[in-house]
Amino acid sequence: MKDHRTRVYDDVLDMLSSEENPTPLLRLKAIVPFAQAKVYGKLEWYNPFGAIKDRVAANMIHDAEAKGLIGSGQKLVEPTSGNTGLGLAMMANERKYSLSTPLSKAIPFEKRVMLRFFGAEVEELDDTLCPAPGAPEGAIARALDKAAKPEFHMLNQYDNEANFEAHIKTTGPEIWRQTEGKVTHFVAALGTCGTVTGNGRYLKSKNPDIKIIGVHPAEGHDIPGVRSLRQLKQTKLFHPEEYDQLVEVSNREAFDMCLRLNREACVIAGPSSGLAFAGMLKAVTDAPNAVIVVMFPDNIFKYASSIEKHFPQYRAARHGGTPTGGPSAKEQMMDMLLDNAKNTRTTCEFGHVKQAIAEPNLDMVIIDVRSAEQYAAKHVPSAINIPLAELAERKDALPVDHDTPIVTVCNLGIMSLKGLLILQSLGYGNVKSMNGGTSAWVDVGLPTE
Ligand SMILES: Cc1ncc(COP(=O)(O)O)c(C=O)c1O
């Protein structure tokens, strides 16, 4: 039985979204400063496993089955920032497959717990929030290693056309029908870019004048599921030439807007919805016939730890005053310090380091804070190696003059931020951490030693 009218189903997969069973499109009024334009949020947590990625997980599995790439008892491996993993874990349960997900420790612990609860084998790694393709020990590299074994198959949401095709088959037709073809603007936060590329292609095929707007966070963000412009350039489904506009939104703007969506619009939207909505307000102006659809990928309930971090005033008391699974007070303090250190005064891009190498009279000291083995394998030219754990003890290896310009470098730009904080605590006043680390350096083709 499958009756979308009464919403009675015999099979959980019949609840997947489609033109006949769309996720709600909710008109937002309280929070919208427009007198004429109509703004709608598309509430993707109404998908059966809780997020927009259920569409993608289902389509990638159906596609791989149809192509004979996977079958009975299949082992799947997928590097994921959470929602694709959650959708795939449930699809795997339904199909009696198994799922292994290498992922970054930076992903909210709620998602890591829920993935295990759903039955996935979770491997937690030091990686950026959105897995970095070039990171040798990151989630993507680990998944590729596993996928090389014959018993595993990697669906690879970063490179799989079934990702954006899910939106051509379902989300796009839903929006077209729900707005009776009147949609003028489509706005989505950018992660793998399946959402923006699939909906963009479908909606433009219906009406080429529809504006497709992609919203990305600023560098150093910690919004799960989305990518900064630098991270987007590593994603194969990112086709900026097909979008009308890209908008950048800061972490603070996204989380503040998320709070306003929940309180003022009474919509239980998550952080990436706040990002998309804030981007829409920057990109679109009021106009008589404007019908704007903003994607709200999932709800707020998976992000209690992100909320505690960004709104410490709402932190809940824990048993005996100690955390019961969330980050400890020390970890929270460290997170806060690292977050504060992600600014343009304390970080630099690789161009800054490249210039310092070309002009040795700048007397810049480049300190690679990774292990000796990682340093030996590949490092930025002229960098010296002081592993992070030794930085505070190896005063002999540090410059005598505390005003010497220093740049800290690691694999991805996370450990180097810790190095920056240690050096600042030792009294060095002119330190910067290189964004993206050695991986970004290698990705743009710069030489290493
Ligand atoms: C919460 C959340 N928001 C936004 C996105 C971005 O969607 P896409 O990967 O289709 O660009 C994702 C993707 O995982 C997500 O999980």
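Val-291, Val-293 and Met-295 point one way from strand S12, while Ile-292, Val-294 and Phe-296 point the other way, and all are buried. The model is predicted. S12 spans residues 291-296 and is mostly covered, with six of its six residues buried. In a regular strand, side chains alternate between the two faces of the sheet.

S12 has a parallel partner in strand S4 (residues 38-43), to which six bridges join it. Within this pairing, Val-39 stands opposite Ile-292 of S12. Strand S9 (residues 185-189) also runs parallel to S12, joined by three bridges. Here His-185 stands opposite Ile-292. Further along, Val-187 of the chain stands opposite Val-294 in S12.

These pairings belong to an open sheet of six strands. Its order is S3-S4-S12-S9-S10-S11, and its pairing is mixed. The edge strands are S3 (25-27) and S11 (245-249), each of which pairs on one side only. On average, neighbouring strands of this sheet are turned by 25 degrees against each other, direction ignored.

Helix H9 lies across this sheet. The strands concerned are S4, S9, S10 (211-217), S11 and S12, and H9 runs at about 120 degrees to S11. H9 (residues 271-283) also meets helix H8 (residues 251-263): their axes come within 7 Å and cross at roughly 100 degrees. H8 is therefore roughly perpendicular to H9. On the H8 side, the contact is formed by Glu-253, Ala-254, Phe-255, Met-257, Cys-258 and Leu-261. On the H9 side, the residues are Pro-271, Ser-273, Gly-274, Leu-275, Phe-277, Ala-278, Leu-281 and Lys-282. By class, this contact has ten nonpolar, two polar and two charged residues.

A further open sheet has four strands in the order S7-S6-S5-S8, with parallel pairing. Its edge strands are S7 (121-125) and S8 (152-153), and each pairs on one side only. Between S5 (residues 75-77) and S6 (residues 98-104), which run parallel, there are three bridges. Lys-75 stands opposite Ser-98 in S6. Helix H3 (residues 109-118) packs on the sheet and touches S6 and S7. The direction of H3 makes about 155 degrees with that of S7.

Several residues of H3 are buried, charged side chains included. They are Glu-110, Lys-111, Arg-112, Leu-115 and Phe-118. Their cover includes H2, S6, S7 and helix H10 (304-310). After H3 comes Gly-119, whose phi is positive, near 110 degrees.

Lys-146 is found in helix H4 (residues 139-147). With a relative accessible area of 14%, which is under 20%, Lys-146 counts as buried. Not counting residues up to four places away in sequence, Lys-146 touches Val-77, Ser-100, Glu-121, Glu-123 and Phe-152. Leu-76 is 70 residues from Lys-146 in sequence, yet the C-alpha to C-alpha separation is 9.4 Å. Lys-96, by contrast, is found in the loop between helix H2 (83-95) and S6. Its relative accessible area is 66%, which is over 50%, so Lys-96 counts as exposed. Lys-96 and Lys-38 are 58 residues apart in sequence and 44 Å apart in space, C-alpha to C-alpha.

On the scale of the whole chain, the domain assignment gives domain 1 (10-335) and domain 2 (347-443). The centres of the two domains, taken over C-alpha atoms, are separated by 34 Å.

Helix H11 (residues 329-341) packs with helix H14 (residues 415-425) at an angle of about 95 degrees, with the axes 10 Å apart. This makes H11 roughly perpendicular to H14. Met-334, Leu-337, Leu-338 and Ala-341 are the H11 residues in this contact. They meet Leu-417, Lys-418, Leu-420 and Leu-421 of H14. By class, the contact has seven nonpolar residues, no polar residues and one charged residue.

Terms used
Residues numbered from 1 in each chain as written. Predicted model: local features only at pLDDT ≥ 70, side-chain atom pairs only at ≥ 80, totals over all residues. Heavy atoms only, no water. Axes fitted to C-alpha atoms, helices over the stretch in contact; angles between N-to-C directions. Helix = DSSP H or I, 4+ residues; strand = E, 2+ residues; numbered from the N terminus. Parallel < 35°, antiparallel > 145°, perpendicular 65-115°, else oblique. Contact = heavy atoms within 4.5 Å. Nonpolar A, V, L, I, M, F, W, Y, C, P; charged D, E, K, R; others polar. Domains from an automatic or database assignment. Pairing = 2+ DSSP bridges. Buried < 20%, exposed > 50% of the residue type's maximum accessible area, 1.4 Å probe, protein only.
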